[in-house]
Amino acid sequence: KLAQNAKTLDQWNKVVTEWQAAINFMKTVPSTSQNYGIAKQRMVTYPKNLAYAQKNVENLKQQQSKLQKGQTIRGQQVFNSLKGIYQVRGGLTPVPVVSVIIPKTGWDKLSQADKINLTMYTQSLISIIKSNPAKYVDISQSAPAYNLLVNKTANICQDCWSIILSN
């Protein structure tokens, strides 16, 4: 029944899990069982149903990815139009963060959609910073804490970001 009504990625992932479990169960029916014939028939249709569900998962992931990419691009445009800056802050603390700093007056004028787009862009900065952490460490390479800061920046968590509104 869920397969007939599934719409979201989470729902289709659950459908995939259930079809896989059903297939695994059918494989356990012994050939001596009175249900073996039914299990054998279902082993023909269930993998097709699983493939259909997996295809829906892939399609939804692609749609989500395209949407997120569009939101990130628009978020970068918003960021640039507000003349924002971003930096890694708190490098010597247990949890450093990527902070986007923009004027509060600009934020207040943004539509809800553009606030979401700016958020998506801010999240995307994590992978950019992780790919070249030394670029975001603003102390001398000869400083005793330099390697520690580069390492912490390279391992910054995916949820370690903020948007700061300046006056």
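## Salt bridges, a helix face and a spread-out chain

A salt bridge here is a side-chain nitrogen of Lys or Arg within 4 Å of a carboxyl oxygen of Asp or Glu. D114 lies in helix 5 (residues 112-131) and R74 in helix 3, so the pair ties together parts that are 40 residues apart in sequence.

Before going on, a word on the model: it is predicted, so local features need pLDDT of at least 70 and side-chain atom pairs count only at pLDDT 80 or more, while totals for chains, interfaces and linings use all residues. Residues are numbered from 1 along each chain as its sequence is written, and side-chain values use heavy atoms, leaving out hydrogens and water.

### The two salt bridges

How many salt bridges turn up by this rule? The count comes to two. As background, side chains of opposite charge can pair when their charged atoms come close. The second pair is K104 with D108, whose closest N and O atoms are 2.9 Å apart. K104 and D108 sit four residues apart in helix 4 (residues 104-109), which puts about one helical turn between them.

Are the partners buried or exposed? The terms go by relative accessible area: buried is under 20%, exposed is over 50%, and partly exposed is in between (1.4 Å probe, protein chains only).

| Residue | Relative accessible area | Class |
|---|---|---|
| D114 | 13% | buried |
| R74 | 34% | partly exposed |
| K104 | 36% | partly exposed |
| D108 | 46% | partly exposed |

Leaving aside residues up to four places away in sequence, D114 touches R74 and V78. Contact means heavy atoms within 4.5 Å.

Now for helix 2, which covers residues 9-27. (The expected span is 1.5 Å times one less than the number of residues.)

Which residues of helix 2 are buried? They are L9, W12, V15, V16, A22, I23 and M26. Looking down the axis of helix 2, you'd find these buried residues within an arc of 145°, so they line one face of the helix. The arc is that of the directions from the helix axis to the C-beta atoms. Why can residues spread along a helix share a side? An α-helix has 3.6 residues a turn, so residues three or four places apart point the same way.

The face turned away from the buried side of helix 2 carries the exposed residues D10, T17 and F25. As for what covers the buried residues, that includes helix 1 (2-5) and helix 3 (36-81).

### The whole chain

Zooming out, the protein chain has six helices and three strands. Both are DSSP runs numbered from the N terminus: helices are H or I with at least four residues, strands are E with at least two. From the N terminus on, the order is α-α-α-β-β-α-α-α-β. The radius of gyration of the chain is 24 Å, well over the 15 Å that the globule rule gives for 167 residues, so the chain is more spread out than a compact globule. That radius is taken over C-alpha atoms, and the globule rule is 2.2 Å times the number of residues to the power 0.38. Along its principal axes, the C-alpha trace spans about 75 × 45 × 20 Å.

Of the 167 residues, 32% count as buried.
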